[in-house]
Amino acid sequence: VSIEERNEASKGEHPGSALADRPSAHECLQRAQEASTRDPDEAVHWLRRLVDAEATFSTWNAASALLARLPDGTTSAATTRSARIAVVGSYTTSQFVPMLRLAALRAGIDATLYEGGYGTFEQEILGADSELYAFEPTHVVLAVHEGSVRFEAFSETPEADLEAETSRWTTLWDLAREHGTRIVQHTFATRGDSPFGHLATRLPGTRENMLRALNQRIGQEAGGHTLLVDCDRLAARFGKSRWFDDRYWHLAKQAVALDALPSLAVHTAAVIAGDLGLAKKCIVLDLDNTLWGGVVGEDGLAGIRLGHGPEGEAYTAFQEAILGLKRRGLILAVCSKNNEADALAPFSDHPDMRLRLDDVASFSANWRHKPDNLREIAEELDLGLDALVYVDDNPAERAVVRQALPDVDVLALPRDPALYARALLEYPYFESTTYSAEDTRRTEQYRARKTVRSLQSSVVDIDSFLRELEMKAEIAPFDALHLPRIVQLIGKTNQFNLTTRRHSQMQIESFMGDACWVHVYLKLRDRFADHGLVAVALAEQNDAVLDIDTFLMSCRVIGRTAERALLARLSQEAMRLDCTRIRGTYVRTERNGLVETMYREHGFELVSDDLQQSVWEYDLSLKGPIVNDYIAVEEK
Amino acid sequence: MTLDARVETVFRQVLAAPDLQLQDDMSGADLPGWDSLAHVNAMFGLEEEFGVRFVGDEFARLESVGAVKEALRRKGVPDPDGG
């Protein structure tokens, strides 16, 4: 729906009015922007309403940015819990992270967010002194995609491979748990395409089947300490051909379509909210035109539409959806403007009623103001108002409840009763982490046994993690074949870039022809992937000093010690040129704080430091060459 | 709503710059906070708003705001006021 159509569609609805029943995301954003300087609390109100509107990427992006600019403390007034949420992932999560803060706000959480470096989820969780743990997260979201799973296109030993991969993930959970934080695991959305076509379903070893089996195993293994977001279901609902937009993967390593991120954020926040005890516990239902078609007080018991015909069947399906939620543990209540006798009649006498009176924990049918009844229902059931979800077909009643009781969640049913059931089942804030107490205990015992096994059998520290990657690097002087990629990296690398000097292709070619210049690139591959040309160094010899002009690395391989291998090579080059020292310079930019201490970490001593830059030196005659531990370097 | 206004709204939202005034001769370098992330966000925001898909160079580079509008017109996006 375009901006134009949205404005058109909402003309009759008093857009922007506090009473608007279904404001579009665009209207909510405008209201929030207008209010942001005048009244931040009102801005928060509109940002929360925006989360319930039909999402677009652009509005969510703007809304998350607006939220980030609101004064500290604004969000704590609108929430009842706080959380420190770290997102570590296998793809670009820069858009997702601020959206998650927005979604958390809607779910009742005042969230502080941390975003891990690109693709470094294992290093962050395995490294005891990682920035992740310094952040002291309450929840660590593993925002990972199917590409991070180490299955081949076809597995010859499916059971063993499944076991190994399951243990890779549960090991991460167990380590995070030792640090007192909960994991929120995104399960793996499957692409829905397979080279084996329909044959794939028969063969356990196809990647598609292996991923499904892995999701299932993850579900079995996750005890009370690991929360799950079922991304395969979200992707299916969104449409897999839209969820997986390969153009954005190739351009920017976006594994989830940007307009699917709002839904991913909403569901991730809802699961965390459930863990924090914020899940809704009680559904309060209107009756006429909500549970059946028509008005029972006027149409009579025989006149209401229920059970037969397209409309009657839709109401039956809605009642069955409600019963499904009751089965899950939700409490049901009724709040209707009716004579009590009329309201009770269908429950006791209508043959097609699915809901019976004993399904309903609190029944209120009278002519009083609905907010008063809702307060009484909450008291009677000993629940807070914020545990209630009010479900009504009537926009006026919804507006009254929303206005009088902002703590009660109001579910705006669509106009067509055929869509009621789906609207209720898609409501995300019923998320509880467990189904029953016994269920949790059973899983806990199961997991305790498994944990011992997996800790015995698998990789648990960063050292073995790096070794098990079996990394191999090719390090060689620049050549024509690799020049386009080298020029590209020098032109666009921001984060892992010590000096950010944007040399042109012509300048680089002149360095290549100058014997005083050392120019090397690094290509990296490991057991699982070929990362291609990912790092570049340029250095100039000045008598006994090799001066590093440019040192940069693609952020897709941060945390793998590739920079160490490249420095080791520079130290060999320096010795070949009879240099005794290597000099490195760090030039500060807005984006490269990541590498501020890189030279220190590799044994360089600080020579000078001012606000713009720091200069470091490594004394070869004292310390000998730099040695790299984890990467086998192939000469070329 | 004109094409100009719709494009401007998208850029305001994806760059989180509610007061941005677009000119056709602006390129990425003239836009606030422009980087590779902003580029991706802008491309996606435009595809979402206009229901189109960019290909090749249209997708990988933003030559200028005018070029983006031209690409949109080529794809059949109506322009009530201009063109």
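Start with the largest nonpolar core of this predicted model: select its 123 residues, among them W243(A), L264(A), F347(A) and F11(B), which have the most contacts inside it. A nonpolar core here is a set of buried Ala, Val, Leu, Ile, Met, Phe, Trp, Tyr and Cys residues joined through side-chain atoms within 4.5 Å; buried means under 20% relative accessible area, exposed over 50%, and partly exposed in between, with a 1.4 Å probe and protein chains only. Next, select helix α14 of chain A, residues 261-275, which gives the most to this core, with 9 residues. Helices (H or I, at least four residues) and strands (E, at least two) are DSSP runs numbered from the N terminus.

Centre on W243(A). Leaving aside neighbours within four places in sequence, W243(A) is in contact (heavy atoms within 4.5 Å) with A189(A), C231(A), L234(A), A235(A), F238(A), A255(A), V256(A), A257(A), A260(A) and L264(A). Then move to a second, separate core of 69 residues, which includes L211(A), A473(A), I475(A) and F604(A).

Now show the open sheet of chain A, whose 5 strands run in the order β8-β7-β6-β9-β10 with parallel pairing. Two strands pair if DSSP finds at least two bridges between them. β8 (360-366) and β10 (409-412) of chain A stand at the edges with a single partner strand each, so one side of each has no neighbour in the sheet. Direction ignored, neighbouring strands are turned by 20° against each other on average. Select β7(A), residues 331-337: 6 bridges join this strand to β8(A), and the two run parallel. Within the pair, K337(A) stands opposite N366(A) in β8(A).

Last, select α9(A), residues 158-178, and α10(A), residues 207-221: their axes come within 10 Å and cross at roughly 45°.

Zoom out to chain A: 27 helices and 18 strands, with 54% of its 636 residues buried.

Residues are numbered from 1 along each chain as its sequence is written, and chains are lettered from A and ligands numbered from 1 in the order written. Local features need pLDDT of at least 70 and side-chain atom pairs count only at pLDDT 80 or more, while totals for chains, interfaces and linings use all residues; side-chain values use heavy atoms, with hydrogens and water left out.

Conventions: Axes fitted to C-alpha atoms, helices over the stretch in contact; angles between N-to-C directions.
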